[in-house]
Amino acid sequence: MPSPGEPGARRDAAKQLKVLMPSCFHRLSISDELAGHLDAGNGGDDTALPMALVVNSFGKVWQVEVGRDGGGAFLGPGWPEFMAANGFGVGWFLVLRHEGRGVLTVKAFDLTCCLKESRGLQPSTATGSNRYGSHKPQFIMVLLPDFTEKMLIPPAFVQRYVSEAQQSSKMAIIASQFGKFWPIEVNKDGSGMFLAGGWSQFLAFHGISEGDVMLLRYEGNMVFKIKVFGLNGCQKELKGRAAGTQQNTERQKEAHLCRKHERSSGKEDRRPKGSLSSSNKGSRKKGSCSLENGERPSIKKEMNTYSVKKFVSLANTFCDLIGLVGECTITLKTSMKSTKCWQVGARRYKNYGYLGGKKWKSFCMENKIREGDVCTFHIVEAALWHVVITHNSDRIG
């Protein structure tokens, strides 16, 4: 079992959330847990002066003394210089994380609730990839009473990081700490974009309550990962993790469905292009996709790393429009004049649908689809889709 100061302890790294008050500019109180990690990072030598190497978002390092008095542990000498150099303000949120061996990283969220940007980052083109630094776009929100039914995504965050195409999305996906993906309906009005339908159920299931602080990291394409801090400033273990039996059952069921689909894909690959097998027609259990009144809809999706490797989500309204029910196979073609095609898995859940599986990953690899590329799916027939791929390099050029 690694000690807190060893690299192997990174997964269980101590974290703490702080709200900057005027007194914090002189010294910053920290939890005993975090202080203990910093002590271990100094080799456990009681005679040595505990020090922390505090790193800002730009990678610059300050040496800060870790002190203690009757009020507990705190960051002392060296901390005022760190604060002054970084221009932090009253009311900002700081997230401190021990990385091992006495190294403490600090992420700062300003009054717009957005992660303070590093120099050289172009907000209008930021998508969260590593080329913009070690931090993906993030925002932080306190769960106020008005946000329990629907929560506003900070307007500054939307303006900087959410493309116009993504702003028209009707659904967002939130990945919780234990890997479950939750579809949340997105509403938009004159005041901004909101996480709405399904949001209150998400909060209730995970035990997130009023006063908790939520940190949402943007993965692109309206996919977010969430961390939650309690009133004491420490990261919360979400209740959903404790609901082991129910959660494991759901995950096993989903995994079973995926395996079942992948096993059946080989048989479905031999179906005539643009049609479903007769065993699927009219069967909700087996799955179907149909068009009514000759409609030929289309949908445009900007790709991120997750959608390239795993699946691309389909809005609920789009699934209704094309009649996607249950589980079926969709034939994708990048040219209607070519015989080349890819038959990928499609599935409809209660609030969203998706294209995914091994064949989807092969489609992306063979067509060199990368993060930032845009795929426009034109529905030719119920199970035959023409895909127009616009590579990010082509758009920039």
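Student: Hi! Which residues of helix 5 (residues 199-206) are buried?
Tutor: W199, F202, L203, F205 and H206 are the buried residues of helix 5. Buried means under 20% relative accessible area, exposed is over 50%, and partly exposed is in between, with a 1.4 Å probe and protein chains only. Helices (H or I, at least four residues) and strands (E, at least two) are DSSP runs, numbered from the N terminus.

Student: How do those buried residues sit when seen down the axis of helix 5?
Tutor: They fall within an arc of 165 degrees, so they line one face of the helix. The arc is that of the directions from the helix axis to the C-beta atoms.

Student: Where does the model come from?
Tutor: It is a predicted model, where local features need pLDDT of at least 70 and side-chain atom pairs count only at pLDDT 80 or more, while totals for chains, interfaces and linings use all residues. Residues are numbered from 1 along each chain as its sequence is written, and side-chain values use heavy atoms, with hydrogens and water left out.

Student: What comes just after helix 5?
Tutor: G207 does, and it takes a positive phi of about 70 degrees.

Student: New topic: how many salt bridges does the structure hold?
Tutor: The structure holds 8. A salt bridge is a side-chain nitrogen of Lys or Arg within 4 Å of a carboxyl oxygen of Asp or Glu. One of them joins the side chains of K236 and D212, at 2.8 Å from N to O.

Student: Why does that pair tie together parts that are apart in sequence?
Tutor: K236 lies in the loop between strand 14 (223-229) and helix 6 (239-242), and D212 in the loop between helix 5 and strand 13 (213-220), so the pair ties together parts that are 24 residues apart in sequence.

Student: Is D212 buried or exposed?
Tutor: D212 counts as buried, at 3% relative accessibility.

Student: Which residues are linked in a network of salt bridges?
Tutor: K136, R217 and E219 are. The side chains of R217 and E219 meet at 2.7 Å, N to O. R217 is partly exposed, with a relative accessible area of 29%, whereas E219 is buried at 12%.

Student: And K301, what does its side chain reach?
Tutor: The side chain of K301 reaches the backbone oxygen of S313 at 3.2 Å. K301 is buried yet has no salt bridge.

Student: Where does K301 lie?
Tutor: K301 lies in strand 15 (residues 298-302).

Terms used. Lys and Arg count as positive and Asp and Glu as negative; His and the chain ends are not counted. A polar contact is a pair of N or O atoms within 3.5 Å; within protein, one must be able to donate a hydrogen and the other to accept it, and residues adjacent in sequence count only if both atoms are side-chain atoms.
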